[in-house]
Amino acid sequence: MSVRNPFCITKVEAWPIALPLLAPFVVATGQMDVARNIFVRVTLRNGAYGYGEMAPFPDISGEDQEGSLQAFPIAAKECLGQSATQFRKLSQRLGEVASFAPAVRCGIETALLDALCRGMGIPLWGLWGGADVRQRKTDVTLPIGPLDQIVETARAWHARGFRIFKMKVGHEVDEDIRRVEAVYAACPQATFVLDANQGFSLDQARECMGAMEQWHLPVLLFEQPVAREDLEGFVALRRRGTIPIAADESVRSLEDARRLIERRAVDVLNLKITKCGVVESMDIAGLARASGIRLMIGGMVESRVAMGCSWSLVLGLGGFEFLDLDMPLLLSVDPIQGGYGYEGPALQPWEECGLGMEMRQEPSSAIVVE
Ligand SMILES: [Mg+2]
């Protein structure tokens with residue numbers, strides 16, 4: 001790499017952060033009270049820098065903060081001296097050296113893309129083509145919990161303008177059905193995305209789906225009803241029902257996406273940059289669109305850094321139908337300033353360079369690779 005290349009990566013830093021949730025985030029496979037994430041900063045030779053976030057969710061992806069911090073230096077060294085303008089090549093390399101740590105790949109990729117766009121003087125969504133730059137509404141997640149409490153929480157979101165509730169199910173099917181019915185009774189304008197996080201057997205998923213149909217509950221999507229490898233279960237549910245089926249845990253790579261599409265196992269793919277990085281997520285989006293598969297985008301428990309990068313894909317690539325970009329609203333802290341904002345359920349585009357964000361606080365210590 002030429003010593004004069006202004007986009008050459010000269011420094012990569014990472015530091016752990018703790019993001020407490022407003023309420024425990026309970027899903028079929030586990031629970032989280034505090035997101036133990038990691039912020040990343042990449043600096044270029046021209047002085048431009050950018051931020052990224054690793055959001056490992058132990059009960060969903062098996063990754064955690066400690067493991068991610070251990071994998072970070074190995075991945076970061078691959079980027080030193082390389083040009084951020086070759087981010088596709090770097091993404092592939094990170095996918096190879098950190099194949100066991102996709103959150104690490106995601107965090108470094110996001111930071112080098114943010115730095116590149118700051119260096120170029122364009123917002124991150126501009127790098128993807130600015131196909132659909134307008135405000136968009138997100139759903140809001142209602143975790144598994146006691147019925148009264150969930151209904152009260154739903155009412156509060158409803159009063160703030162939220163109309164799409166992403167209900168976590170997959171725990172106990174009768175209770176799950178009762179919870180959806182109760183929220184609908186309290187918020188009759190609501191529509192629903194059900195997310196079982198692999199928690200149901202095929203029979204339970206059928207029962208849940210049947211109840212939604214029987215009671216005419218407006219369910220837009222049934223996400224990850226069964227185990228990630230149970231593609232036959234997906235196929236059977238698709239054949240049976242009128243509710244579109246979405247894959248989340250079952251799509252963690254381009255290869256997974258290809259398999260799901262070939263088997264005609266899904267109507268919708270839920271992309272998350274933490275599962276396979278930014279570039280591979282874009283490749284999955286391209287494959288899905290070419291194959292007539294509808295697109296959803298979501299995230300792990302994460303701040304506006306990772307979610308801002310996902311939002312940039314919505315604005316830049318276009319074609320995303322379902323937005324599940326509510327996580328920063330469920331945190332009790334916002335560790336950054338600037339960048340995109342929320343007005344009720346609507347995410348606003350931003351005009352500043354890169355992600356347009358700054359840290360509220362400098363880290364007291366960081367792992368530095370330079
Ligand atoms: Mg999900």
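What share of the contacts in the protein chain with a separation of 6 or more comes from residues 24 or more positions apart? Such residues account for 73% of them, a contact being heavy atoms within 4.5 Å.

**Before selecting anything.** The model is predicted, so local features need pLDDT of at least 70 and side-chain atom pairs count only at pLDDT 80 or more, whereas totals for chains, interfaces and linings use all residues. Residues are numbered from 1 along each chain as its sequence is written, and side-chain values use heavy atoms, with hydrogens and water left out.

**The whole chain.** Display the protein chain, which holds 13 helices and 17 strands. These are DSSP runs numbered from the N terminus: helices are H or I with at least four residues, strands E with at least two. The radius of gyration, taken over C-alpha atoms, is 20 Å, close to the 21 Å that the globule rule gives for 370 residues, so the chain is as compact as a globular protein of that length. That rule is 2.2 Å times the number of residues to the power 0.38. Along its principal axes the C-alpha trace spans about 65 × 40 × 35 Å. Of the 370 residues, 58% count as buried, meaning under 20% relative accessible area with a 1.4 Å probe, protein chains only.

**The open sheet.** Select strands β1, β2, β3 and β17. They form an open sheet of four strands in the order β3-β2-β1-β17, with antiparallel pairing; two strands pair if DSSP finds at least two bridges between them. At the edges are β3 (49–54) and β17 (367–369), each pairing on one side only. Neighbouring strands are turned by 25° against each other on average, direction ignored. Next, highlight β1 (residues 9–27) and β2 (residues 30–44), which are joined by 14 bridges. Val-27 has Gly-30 in β2 as its bridge partner.

**The helix across it.** Axes here are lines fitted to C-alpha atoms, for helices over the stretch in contact, and angles run from 0 to 180 degrees between N-to-C directions.

**The magnesium ion.** Finally, centre on the magnesium ion, coordinated by Asp-195 (OD), Glu-223 (OE) and Asp-248 (OD) at 2.1 to 2.3 Å. Donors are N, O and S atoms within 2.8 Å of the metal (3.2 Å for Na, K and Ca); water is not among the atoms, so sites may look incomplete. Glu-223 lies in strand β8 (residues 219–223) and Asp-248 in the loop between β9 (245–247) and α10 (254–262), so the pair ties together parts that are 25 residues apart in sequence. Glu-223 is buried at 0% relative accessibility, and Asp-248 is buried with a relative accessible area of 2%.

Definitions and conventions: Buried means under 20% relative accessible area, exposed over 50%, partly exposed in between (1.4 Å probe, protein chains only).
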